[in-house]
Structures are given as C-alpha cells and as structure tokens.
Amino acid sequence: MTALRVLVACETSGVVRRAFAALGHDAWSCDLLPAEDRSNRHLIGDLRDYLGLGWDLLMVAHPPCTRLCNSGVRWLKVPPPGRSLADMWADLDAGAALFSACWQAPIDRVAVENPIMHRHARERMPADLPRPQIVQPWWFGEPAFKATGLYLRGLPPLQPTNRLTPPRPGTEDHKAWSAIHRAPPGPDRWRFRSRTFAGVAAAMADQWGGPAAVERYRQA
C-alpha cells in the first residue's frame, strides 16, 4: 500500500496521528502546544505555516471553535466578564479565517471537525463549504454523546463501525455517556472535550487511509 502524507492539525493527544501511523502512513500532528506523547512527529506552531508542504490528506481534529459553534453564539450578544463585544466578533472573524484556510488548503483530501455552526459563522465561510456530516462516538463503539460535524472535501462520509444502543435519558448510564457535556469548569476542560475518541480515529484511518481508500485515490 502506498503511504500517504497525513497532517492531523489542532491535535495534541496524538490519537488520530497514531491511528494513521499504525497503517504505515507518514502521519504528523500539529498544534500550538507540544504533543502529549512527546512524539517527534509533531509540529509546533500555526497550522497555516505547514499547509503547503505536500500533504495527501489533512485532518483538522479540533480547530478553535468557541466562537463558531452554536454553544458560543450567546457571547456575540452579551460578552463574558472581562471581554467586550468587539473582542467576541474579532474572535469570530479569526476563527472563521482559520477554518477557511484549512478548507481551502492546497490538499486533495480535507476533513475539518467542528460542532454545528451558528449563522454568523456560516456567513463567513467559503461559498463551497457543504453541510457537515454529523457523527456520534457511539457509532464507533464509544459509549459517549458528542455530536460532531465533519466538513469533507475529497473524502467519503464516515460509516459506522460498531453502533451502540444509547441508554435512556435519566439513567445513570445516560449521565455517564454525557460526561463531555457535563465536564466541570477547569484548566483541562478544553483538553477533555476536544480529544478524539479512539474508535472514531480508527474509523477515519481505515476508511480514509486503508488499502481500499488508497487504491481509490490511486485510480482517481
């Protein structure tokens, strides 16, 4: 199988990078922070500085999205303590610019992960941005709720690999599955909420970088 050059941007955990590397690909992660696993296949810096290095596939694991997603739209009307409305709208513009740079990168196959966007964010996006595929970790054997949008270019939608049955609302299992949404405030909350589940990462690597996928790319 031909190895792909894969950039997994906005990832410090290394979960997606390792999933692609396990299949023999030349996989690298990139973030402003060091890699948690101290890998030497991790680039530190602004991902936009690395987009033109000849990658075959770009997976943006979790770009800064606080101002783009529905859960953050309230701050565009009433800013949090210590911030102004001008700050909030400037953050929105910066987030939209980063997302657009990823989507328009000179790379044939692109997947950008982001929660569902509010209308102000959508208005700032490239005209060719499609509606996202919404996936859940429990489609891939992970007992958790985390609706995630995948904006795909040159890649097929992810197919469930081990679909679990969600527990009934109000049960202890349902509370456990909702751990991401129920995470208490703290310095590491963002890290916990942004981590890609191993089952999802394995599906990405197999369906976008497995032998059948690479053969499709070769014939295209």
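## Two residues with positive phi

Arginine 38 sits in the loop between β2 (26–31) and β3 (42–44). In this predicted model, its phi is near 60 degrees, a positive value in a residue other than glycine. Most residues other than glycine have a negative phi. Arginine 38 counts as exposed because its relative accessibility is 79%, where the cut-off for exposed is over 50%.

Cysteine 10 also has a positive phi, about 60 degrees, although it is not a glycine. The loop that holds cysteine 10 runs between β1 (5–9) and α1 (15–21). With 14% relative accessibility, cysteine 10 counts as buried, since buried means under 20%.

## Helix α2

Helix α2 covers residues 85–103, 19 residues in total. From its first C-alpha to its last it reaches 27 Å, close to the 27 Å expected at 1.5 Å a residue.

Which residues of α2 are buried? They are Met88, Leu92, Gly95, Ala96, Leu98, Phe99, Ser100, Cys102 and Trp103. An α-helix has 3.6 residues a turn, so residues three or four places apart point the same way.

## Aromatic pairs

How many aromatic pairs does a search of the whole structure find? The search finds 3. A pair of aromatic rings is described by the distance of the centres and the angle of the planes.

One of the pairs is formed by phenylalanine 99 and tyrosine 151; this pair is edge-to-face, with 5.3 Å centre to centre and 90 degrees between the planes. Phenylalanine 99 belongs to helix α2 and tyrosine 151 to strand β7, so the pair ties together parts that are 52 residues apart in sequence. Phenylalanine 99 and tyrosine 151 are both buried. Another pair joins phenylalanine 145 and tryptophan 177; it is tilted, at 5.3 Å centre to centre and 55 degrees between the planes. Because phenylalanine 145 lies in the loop between β6 (133–135) and β7, and tryptophan 177 in helix α4 (residues 172–177), this pair ties together parts that are 32 residues apart in sequence. Phenylalanine 145 and tryptophan 177 are both buried.

## Helix α6

Helix α6 (residues 198–209) has 12 residues, which should span 16 Å at 1.5 Å a residue. The end C-alpha atoms of α6 are 15 Å apart, which agrees.

Is α6 mostly covered or mostly uncovered? The helix is mostly covered, with 9 of its 12 residues buried. These buried residues are Gly199, Val200, Ala201, Ala203, Met204, Ala205, Gln207, Trp208 and Gly209. What covers them includes α1, β4, β5, β7 and α7 (211–219).

## The cavity

Rolling a probe the size of a water molecule over the atoms shows where empty space is left. In this model the count comes to 1 cavity of 30 Å³ or more. The largest cavity has a volume of about 90 Å³.

Which residues line the largest cavity? The lining consists of Glu113, Val135, Gln136, Pro137, Lys146, Thr148, Arg195, Thr196, Phe197, Val200 and Met204. By type, the lining divides into 5 nonpolar, 3 polar and 3 charged residues. Val200 and Met204 of this lining are also among the buried residues of α6.

How values were computed:
Residues numbered from 1 in each chain as written. Predicted model: local features only at pLDDT ≥ 70, side-chain atom pairs only at ≥ 80, totals over all residues. Heavy atoms only, no water. Helix = DSSP H or I, 4+ residues; strand = E, 2+ residues; numbered from the N terminus. Expected span 1.5 Å × (residues − 1). Buried < 20%, exposed > 50% of the residue type's maximum accessible area, 1.4 Å probe, protein only. 1 Å grid on protein atoms, 1.4 Å probe; cavity = no way out; pocket = protein on both sides within 12 Å on 5 of 7 lines; lining within 4 Å. Points joined across faces, edges and corners; volume = space filled by probe spheres on them. Nonpolar A, V, L, I, M, F, W, Y, C, P; charged D, E, K, R; others polar. Phe/Tyr/Trp six-rings, centres within 6.5 Å; stacked < 30°, edge-to-face > 60°. Contact = heavy atoms within 4.5 Å.
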